[in-house]
Structure formats: structure tokens, C-alpha cells
Amino acid sequence: MEFLEKSQRRRAGDEIGWDGLDPKDKRIIILGGGDTATDCIGTSNRLGCKSVRAFEILPTPPEKRKAENPWPEWPLIFRVDYGHEEIVAKTGQDPRTYSISTKKFLTATNSAGIKIVTGLEIVEVEWEKDEKGAWKLIEKEGTKQTVECDLCILAMGFLGPEKTIIEQLSLKTDPRSNILTPKDKYDTSVAKIFSAGDCRRGQSLVVWAIPEGRQAARQVDEYLMGKTTLAGPGGIVTAPILHKGCC
Ligand SMILES: Cc1cc2nc3c(=O)[nH]c(=O)nc-3n(C[C@H](O)[C@H](O)[C@H](O)COP(=O)(O)OP(=O)(O)OC[C@H]3O[C@@H](n4cnc5c(N)ncnc54)[C@H](O)[C@@H]3O)c2cc1C
């Protein structure tokens, strides 16, 4: 996020430095294989990196849905997004390598006395189910190798909302560390505090953030006014919703 935010802010005209994150002429390795990694690949490429590769710890997704991933579930299949397409157009090769685990960062001290990354020690991995059916990571013997890089970007997953406000307000959270609300509601465990968006439903998409914001506003309106004329989920509500106890 630090890298993507800096690139966007610079592009928007903010006069901020790269603080060592400038991708230009660098050999870049991105750890992770999700949408954030795609954005990091695309951004590095567009800003003139020397090379960019992405290592994903999971195996290559199948071309077609597997039997255990039927419709209407989201299809877990191999996808080629804009960031990958742009690299393929330039180099003829997809930047992603699957089933790779990173063991170690290799570092050196530069002339300014700052510790810098120079490469990674990686190993190929396989996934097997143990006797209880849980997935287990197995390192493939003899596959350890080092790869050089000048910048390594971590794009390995959403860690949940920042804790500061949650702790200061003593808000209850769900098992994934998001702010807890009743199902389809936006009020939190603390009276007069509402929550909406990624911090409530977890990492998601803008198409969810928009209705979350609207529906939270509707619930706040109802809470304050006793009724609301704001649109409910799925369309326009023509008649006011009467609050319990109201005429
Ligand atoms: C790299 C990346 C790429 C993505 N690409 C896409 C995409 O292509 N399409 C898509 O649909 N979705 C994408 N998403 C997801 C999308 O950005 C989110 O689902 C959406 O922004 C969530 O909206 P939100 O309003 O809940 O939270 P945010 O957009 O994260 O807004 C929360 C705001 O609250 C501010 N904030 C945090 N703490 C405080 C505080 N204590 N006080 C005041 N303000 C605070 C933050 O600075 C931030 O501005 C992407 C996400 C990431 C990380």
C-alpha cells in the first residue's frame, strides 16, 4: 500500500519523495498473487522498472472451476489481469510464479550505511492434506535458490482494519478482526457508533463500500429521527419506514 499510495499521490501532483520505493530501473519482486500484487506489477512496469516478478505461495489456479468450487461460488480460476497482460506484451512471459515460499531476505549495506535488500532465498513448495484434512505446506527438496532484486514489495493480504480506534472505543470485533455489527446492520457493540465498509465486512470491493455507506447512513438517520426516507437496499423506498413505537 505504501508503494501504491506514493505512486498515486505523485501522479496526482503531490510533491512527495519515493523514500527508496522508486521502481525505475529496478529489478522488482512482489510477494503475493492477488489484486494488490497485480496493481504493484502494473505500477512497477508503467513506471519503468527493469524487471518484475511475482511469487505466490499457493499453487497455480486451475483453468476451469474445480468440482469443489461449484456455481454460484466465485470461480477460483487462473485469471490474467491488466498488470499481467502488460508484462506479457512486453516480455512474452507472465510475471507470476506459483508454489514459491520465501525463506529469507538477502541484504547488504549501501554506501550511505543503510541496509538494503539484494535478493531472496526461495524454495518451491507443494500442498498436501494431512490426516485431519488440513492443508500442509511441503518444501520440495533440492529446489532452494536465490534470486536477486533491488526492491521487494509485500502484497500478501489484508490484515484487517487498524486497531487504534477499535481499541480506544472498545468496539467488539468478529473472528477476522473486523468491527462486529448484527447481520445486515451497522450499529456496533457501543451505542451511537456505527461502522460500514471494509472495516465492517472485511476486504472487499467499491461496489460493496457504496451500499454499505448508504445503508449505514440510513440506519443512522432512522436512529436519530425515528424514521427514514433514505433508500433501502435494492431500490427506492417510497413510504417512510416507521420506527418501533412511532404512530
Ligand atoms: C491495492 C488495492 C486495490 C484495490 N482495487 C480495487 C479495485 O480495482 N476495484 C474495487 O472495487 N476495489 C478495489 N479495492 C478495494 C477497495 O479499495 C475497498 O473495498 C474500498 O476502498 C473500501 O471502502 P471503505 O470506504 O470501506 O474504506 P477505505 O476506502 O479504505 O476508506 C477508509 C478511509 O478511512 C480513513 N481512516 C482510517 N482510520 C481513520 C481514523 N482513525 N480517522 C479518520 N479516518 C480514518 C482512511 O485513511 C481511508 O481514507 C482495492 C483495495 C486495495 C487495497
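Strand 5 (residues 115-129) and strand 6 (residues 135-139) run antiparallel and are joined by 5 bridges, where two strands count as paired if DSSP finds at least two bridges between them. Within this pair, Lys-129 stands opposite Trp-135 of strand 6. The two strands form a hairpin with 5 residues between them, and Gly-133 in the turn has a positive phi of about 90 degrees.

This is a predicted model, in which local features need pLDDT of at least 70 and side-chain atom pairs count only at pLDDT 80 or more, while totals for chains, interfaces and linings use all residues. Residues are numbered from 1 along each chain as its sequence is written, and side-chain values use heavy atoms, with hydrogens and water left out.

Turning to the whole protein chain, its secondary structure comes to 6 helices and 10 strands, which are DSSP runs numbered from the N terminus (helices H or I, at least four residues; strands E, at least two). The chain is divided into domain 1 (2-154) and domain 2 (163-242), with bounds that come from an automatic or database domain assignment, and the C-alpha centres of these domains lie 34 Å apart.

Taken along the principal axes, the C-alpha atoms of the protein chain fill a box of roughly 75 × 55 × 35 Å. The radius of gyration, taken over C-alpha atoms, is 23 Å, whereas a compact globule of 247 residues would have one near 18 Å, by a rule of 2.2 Å times the number of residues to the power 0.38. Buried residues (under 20% relative accessible area, with a 1.4 Å probe and protein chains only) make up 29% of the 247 residues.

Definitions and conventions
Buried < 20%, exposed > 50% of the residue type's maximum accessible area, 1.4 Å probe, protein only.
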